[in-house]
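Dear colleague,

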Amino acid sequence: SAVSLPFAVGQCGNQVGCRFWDLALREHAAVNKKGMYDEALSSFFRNVDTRSGDNGPDIYKGKICSLKARALLIDMEEGVVNEILQGPLRDVFDSKQLITDVSGSGNNWAVGHKIYGCQYRENIVEKLRKTAEHCDCLQCFFIIHSMGGGTGSGLGTFVLNLLEEEFPEVYRFVTSVYPSGEDDVITSPYNSVLAMKELNERADCVLPIENESLFEIVNKIHQMINSGKLGSTVKQNSLVTSSAGSTKTLQAKPFDAMNNIVANLLLNLTSSARFEGSLNMDLNEISMNLVPFPRLHYLVSSLTPLYTLADVNVPSRRLDQMFSDAFSRDHQLIQADPKHSLYLACALLVRGNVQVSDLRRNIERLKPSLHFVSWNQEGWKTGLCSVPPVGHSHSLLALANNTCVKPTFIELKDRFMKLYKKKAHLHHYLQIDGMEQSCFSEAISSLSDLIEEYNELDASKGGPRIDPSRLKIAV
Amino acid sequence: MSVVTVQLGQCGNQIGHEVFSALCSDIRGTHGLCSKKENESYQDSCKERFFCEEESGVPVARAVLVDMEPKVISQTLSMAARSGHWKYSSHSHFCQKQGSGNNWANGYSVHGPRHKEAIMDLVQKEAEKCDRLGGFFTIMSMAGGTGSGLGAFVTQCLRDAFPTSFILNHVVWPYGTGEVIVQNYNSVLTLSHLYHSSDALLVHENDVIHKICAQLMNIKQISFRDVNQVIAHQLGSVFQPTHTAGGGSGYSRNPLGDLMEALVPHPEFRMLGLRNIPQMPESSLPYSTFSWPGLIKHLRQMLIANAQMEEGIDWQVRPPHPGSSIPSTNNALHFNTSIANLVILRGKDVHSVDLGSFQDPSLYTSWLNPQDAFNAWKTPRAFNKYEKCAALVSNSQFLLKPLDSIVGKAWNMFASKAYLHQYTKFGIQEEDFLDCFTTLEQVISSYTNL
C-alpha cells in the first residue's frame, strides 16, 4: 500500500518517534490477530526474513517474520537514538536507518542546517533512496522535529529541502514542536524563525504543536484520574498519554506522556489510509482539502477523547460531546481558540463505530457557532475509519486551517525581535559558513508576510464584498 | 442484451456491490407473486443483463472495478464472494496504491492517461463476454478524485472505443454541507465533461437518500451502507427486467437503449432524476397494503411538486392551465416541468393500472406529443418483496435547483481563486474551469427556460 515515511530528527523528534513506533505496533497488534503481514502494516513496516541475518529479503505476504520500521532516525547526539536501540524497539530498526553524530548542534540552527546538512547530505540521500526502494509506492514524508533547538530545527529543515529536491511529487508533512515563552533555550526564537522560512516555502502541510498545550492536557488527565471522580473506571490503555506496557510511571518520564499525544496524532492522521472505512481519507486528500493557498498550510489539530471510561455502551450524547470537545480550546495541540477565529477549512477524521448520520448531526449542530470564510461556508472534509484506536470505541481528530495560528506566530516574531534588536547571540550564527545577516532578515520577512496574510483574511473575512455575479448565457 | 457496469472509486464500488447484491437477492427470492413461467423468464433476463454464468454455477457480475487505492476493491470483492450467491470475476479489477487525493485533475489528467490501456483492456474483456452488448453503466461520485476525474476520463474512452453503444452514468451528488471541501469544483468539472461524452446522467443526491433513510426507513444511526442500499433498491426497481409497451411478449432486451429513447429526445437535456414509491423498512412490508391509484397519485404529485419522497409532498402545487398566458405565480414557481417521464410498475395487478394522469399535456413542454413524452414499463413480477412498487425516471427540472446550488458555490470559490493551485499543478487551468462553468450555465439556462 502507499507508504508514509517518517523522519525523526533531533532529540525531540526521536523521542516522539520512539513513542510513535511503539504505539503503532500496539495498534496493529490489536487489529491483526492472525499475525499475517497485511496492507495496513506495510504502510509503516517492512516484513523482513531475518533467519539468515539482518540483511534478509523482504517478505510481502504471509506470516510476520520480523517487522522493521520504514523510517530514518537522525540525531547529532547519540543519547536518544542509543536509548531506542537498547530498548524494546531495538529490533525494529537497523543501523542503515540511523544517522548520528556525537557532539550535537549546540542549539544552533546554523550548525544543524549548514554544517551538518552539508556534511551528511550524501549519507542522508543514500539512506533515503535505499529506504524508498523498499516501498512500492511512496505517498508522503513525515518530518517530526522541534523548532527551538539546533538539530531538529536546522538539520530537520535541511532534510525537508532535500526531500523536495529528490522527490518533488511526494507530499511533505511536518510535525513541529514550537518552543514556549519560558523555553530554557535562549536562542529558540532564532532557531524557530529560521526554520519557519523553510516550512513556509517547502512544506505541504505543517502541524504545529506547543509544549504548553501538551502539558495542560497531561495535567487535565492527571486531575481527572486523581480527583477520584472517575476512579478505576478509566481504561488505562485508552489515555491519549499512555505508553504501551511501560512500567515507568507518568512521574518518572513526564515527557513520555506528552510525546504520546503527538504520536497518537500521527497514528490517527494515518489511520484511514491504513484501515478500511466507509469514507476513506488519505494524506494527499488532507493536503488537497485543507490548503486553499500554498503558503497557508498550518493546521491546528485536536484529539478527542483524551481517555475512555470502561463503560463500553456509548450513548450518542457522549459521542456528540466528543465532537464538541474537538472544538474547545483545551483540546487543541497549540495555544489557540479556533472557535473565535476564522476557519478556512476543517477536516474531521472519525474512527470507530461512528456513522455518517452522527457526523452530519454534529456538523449541523456545531456549524452555527463557527466562522467560516465566505468562499468556503460549507468547507468540511470528513473521513470515517472503521477501526478505533486501542482502548477506545471511537475517536476524533480535527484539523483546522484557521487564523487562530496567528497569535503563535506573532509571539514568535516578538521574541525573535527582542533578541535581534540587541543582536544578542547573533555572532554564534554569523560565524558559521554560509550564514549571513540576510538569512535573518529574509526569515523574519517571510514570517511577517505570513502573519500579514492571516491579518488580511481576518479583516476581510475572506470574501469580496459583493457576491461574484455568475456567467450570463445568451438565451 | 447485457450491460457492463464500471464501478469507479470508493463510492462507485460500494454502491456497485449493493446493486448486484440487491439484483441477486431479488431474483433468488420467492416473493415473485407471479406465475412460475413469468418468474423464470424474469430470472433469465436479469442474469443475461447483469451476470455471467460460470461452471461453478455462481453468477459472476458483469462488472469492472476501478479504484486508485486498494482497500475498497479488496473489501468489495471479498464481501461479494462471502455471500455465496454471486461474485465478481477475479480478473476484472484495476487498482493502484495512492489514490487521487480528491483531486479531479489528478484523476483525469494523470491517472486517466496512465492507466487507460489497462482499464480499457478489462472493459473490452467484459464486453466480449456478452453475447450482445447493450451498453455501459458507470457508477461514480462526483465529489472525490477517482470516481469523478478518472470516471470522466474513462467515460470519454468508452465513447471513443464504443461509439455506437449506450453509456449511462450513475452519478452520486454529495451532501450539501460537505464530504470534501473541493467537491463543488470536482462536481462542475465532472458534470461538464460527462455531458460531452455520455448519453445520460442518472442522479442520486446523498441528502435526499439520507432523508429517506431517516424518515421512511426509520434508521437511527444511518451509515453509508444504509444509503447505498436505498440507492441500490431504487436502481434495481428501474433496471430489473420489464415488458415495454408493444415490445412483444418477452422481457425487453435493450434496457439502456429503451431508456434513452424514452427520456432523452434532445442532447441538451440529459439529467435524469429518480423517485420510487413505496419505500419502507423490510419489517413493515408484511403489514402494509397499497393500492395502485394511491401510489400513482402520490408519484405524480412527487413529480409535479418536486418532492423528494412520499412524505411531506406539497399538494398545493398544480400544473399550469394549458393556454393560460399568465400562470398562477405561486404554482408556476414550484411546478416541475417535464420533458419526458418513464414510469416502471412492478407487482400485483399492473395490467389494470391507469396511468392517464401522467399523460396530461400540462406536465410537459410542448415539443413532444404527450404520448411520446410518457412511457411505461411493467411486469407482474414483484420486486424485492414489495407487493407493488413504482419507479419514476424523469427528465425534468428535478435537478435544476441542486445543480444551480453546486455551480453557485463552485463559482463563489473560483472567484476567490481558492484551491486552484491544486488543479493547475496537474494541468487543469483556469480557462478549463471557465469552459466547464459555461457548459453548466448553459444547461441550467436550458432547464430553467422549459
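B:Asn102 sits in the loop that runs between strand E6 (93-95) and helix H4 (104-129) of chain B; helices (H or I, at least four residues) and strands (E, at least two) are DSSP runs, numbered from the N terminus. Its phi is near 60°, a positive value in a residue other than glycine.

Please note that this is a predicted model, in which local features need pLDDT of at least 70 and side-chain atom pairs count only at pLDDT 80 or more, while totals for chains, interfaces and linings use all residues. Residues are numbered from 1 along each chain as its sequence is written, chains are lettered from A and ligands numbered from 1 in the order in which they are written, and side-chain values use heavy atoms, with hydrogens and water left out.

A positive phi is also found at B:Lys385, about 75°, although this residue is not a glycine. B:Lys385 belongs to the loop between strand E13 (374-379) and strand E14 (388-396) of chain B, and with 36% relative accessibility it counts as partly exposed. Most residues other than glycine have a negative phi, and most peptide bonds are trans.

One joins A:Thr304 and A:Pro305, with omega about -10°; A:Pro305 is in the loop between strand E9 (300-304) and helix H10 (316-326) of chain A. Another joins B:Ile277 and B:Pro278, with omega about -5°, and B:Pro278 lies in the loop between strand E11 (271-277) and helix H10 (292-304) of chain B.

As to the domains, whose bounds come from an automatic or database domain assignment, chain A is divided into domain 1 (3-225 + 255-406) and domain 2 (407-460). The centres of these domains of chain A, taken over C-alpha atoms, are separated by 26 Å. In chain A, 37 residues of domain 1 are in contact with 34 residues of domain 2, where contact means heavy atoms within 4.5 Å. Chain B is divided into domain 1 (2-271), domain 2 (282-399) and domain 3 (401-449).

Within chain A, A:Pro6 lies in strand E1 (residues 2-9) and is buried, with a relative accessible area of 4%. Leaving aside neighbours within four places in sequence, the contacts of A:Pro6 include A:Phe20, A:Trp21 and A:Phe142.

A:Asp49 is found in the loop between strand E2 (45-48) and strand E3 (66-69) of chain A. At 13% relative accessibility, A:Asp49 counts as buried. Residues up to four places away in sequence not counted, A:Asp49 touches A:Gly56, A:Pro57, A:Ile59 and A:Cys65.

Finally, helix H3 (residues 79-86) of chain A has A:Val80, A:Val81 and A:Ile84 buried. Seen down the axis of H3(A), these buried residues fall within an arc of 95°, so they line one face of the helix; the arc is that of the directions from the helix axis to the C-beta atoms. They pack against helix H1 (10-31), strand E4 (72-75) and strand E5 (98-100) of chain A.

With kind regards

Conventions
Buried < 20%, exposed > 50% of the residue type's maximum accessible area, 1.4 Å probe, protein only.
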